[in-house]
Amino acid sequence: MTDTFTIERLRADSPHVTLVATWTFEAWGHLHPGQTLEKQIAFVRSECGVGGVPSIFVALEKGAAVGTASLIADDMSTRPELGPWLASVFVLPNQRGRGIASRLVARVEQEALSNGFECGYLYTPDQQALYHRLGWRAFEEVTYLGEQVTLMAKCVSETVQ
């Protein structure tokens, strides 16, 4: 299948900011008591960096947003020594299985590497297989924000097994 989508950096003035914020709020807002959609929109705008950390990327097909992923400094308050983090990987349910998440992850990895980071981190409660397939390795199981999650890392110096 030919790729019909592109990956672009999300800018703070993009018309897609509200949609990306809505996706991330609906998917993970329950983990942050007191968070509102309005606060999430402001947060997403603040994370729309021009390069490096933070950066948010959006997958677009015919001008419509179909997925997103972020590169952020801190995604796990209990592990401040780790970073940067791949975070908020989301693809619309009806668009899954097309390689969009894989391309978004690769774009975040490229952004981290081109800004001098040799390792990146993520945590996931249920997408270990996807990230393992993309070369990430699990290194710890923890409970974070009430969820059982797997911490994973990917470093350029490591060989994918």
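Guide: Let's begin with two residues: Trp23 is buried, and so is Phe90. Keep in mind as we go that this is a predicted model.

Visitor: How do I read "buried"? What cut-off is used?

Guide: A residue counts as buried when its relative accessible area is under 20%.

Visitor: How many aromatic pairs does the structure hold?

Guide: There are six aromatic pairs. Take Trp23 and Phe90: their ring centres are 5.1 Å apart and their planes meet at 35°, so this pair is tilted. Trp23 belongs to helix H1 and Phe90 to strand S4, so the pair ties together parts that are 67 residues apart in sequence.

Visitor: What sort of pair do Tyr131 and Trp136 make, and why?

Guide: For angles, planes over 60 degrees apart count as edge-to-face. The rings of Tyr131 and Trp136 have their planes at 70°, so the pair is edge-to-face, with centres 6.5 Å apart. Tyr131 has 7% relative accessibility and therefore counts as buried. Trp136, at 4%, counts as buried too.

Visitor: Which residues do ring pairs link into a cluster?

Guide: Look for Trp85, Tyr121, Tyr123, Phe139 and Tyr144; ring pairs join them into a cluster.

Visitor: Back to Phe90. What lies over the face of its ring?

Guide: That's Arg96, at 5.5 Å from the ring centre of Phe90.

Visitor: Now the disulfides. How many does the structure hold?

Guide: It holds one disulfide. Cys119 and Cys155 form the bond, and their sulfur atoms sit 1.9 Å apart. The torsion about the S-S bond is about 115°, so the disulfide is right-handed. Cys119 lies in strand S5 (residues 119-124) and Cys155 in strand S7 (residues 147-155), so the link ties together parts that are 36 residues apart in sequence.

Visitor: What about the second largest pocket? What is its volume?

Guide: Its volume is about 220 Å³. Of the 19 residues that line the second largest pocket, Glu109, Ala112, Gly120, Lys154 and Val156 are the closest to its centre. S4, H3, S5 and S7 each supply at least two residues of this lining, and the largest share, six residues, comes from H3.

Visitor: How does the lining of the second largest pocket split by class?

Guide: You'll find 14 nonpolar, two polar and three charged residues there.

Methods:
Residues numbered from 1 in each chain as written. Predicted model: local features only at pLDDT ≥ 70, side-chain atom pairs only at ≥ 80, totals over all residues. Heavy atoms only, no water. Disulfide = S-S within 2.5 Å. Helix = DSSP H or I, 4+ residues; strand = E, 2+ residues; numbered from the N terminus. 1 Å grid on protein atoms, 1.4 Å probe; cavity = no way out; pocket = protein on both sides within 12 Å on 5 of 7 lines; lining within 4 Å. Points joined across faces, edges and corners; volume = space filled by probe spheres on them. Nonpolar A, V, L, I, M, F, W, Y, C, P; charged D, E, K, R; others polar. Phe/Tyr/Trp six-rings, centres within 6.5 Å; stacked < 30°, edge-to-face > 60°. Buried < 20%, exposed > 50% of the residue type's maximum accessible area, 1.4 Å probe, protein only. Lys NZ or Arg CZ within 6 Å of the ring centre and 35° of its normal.
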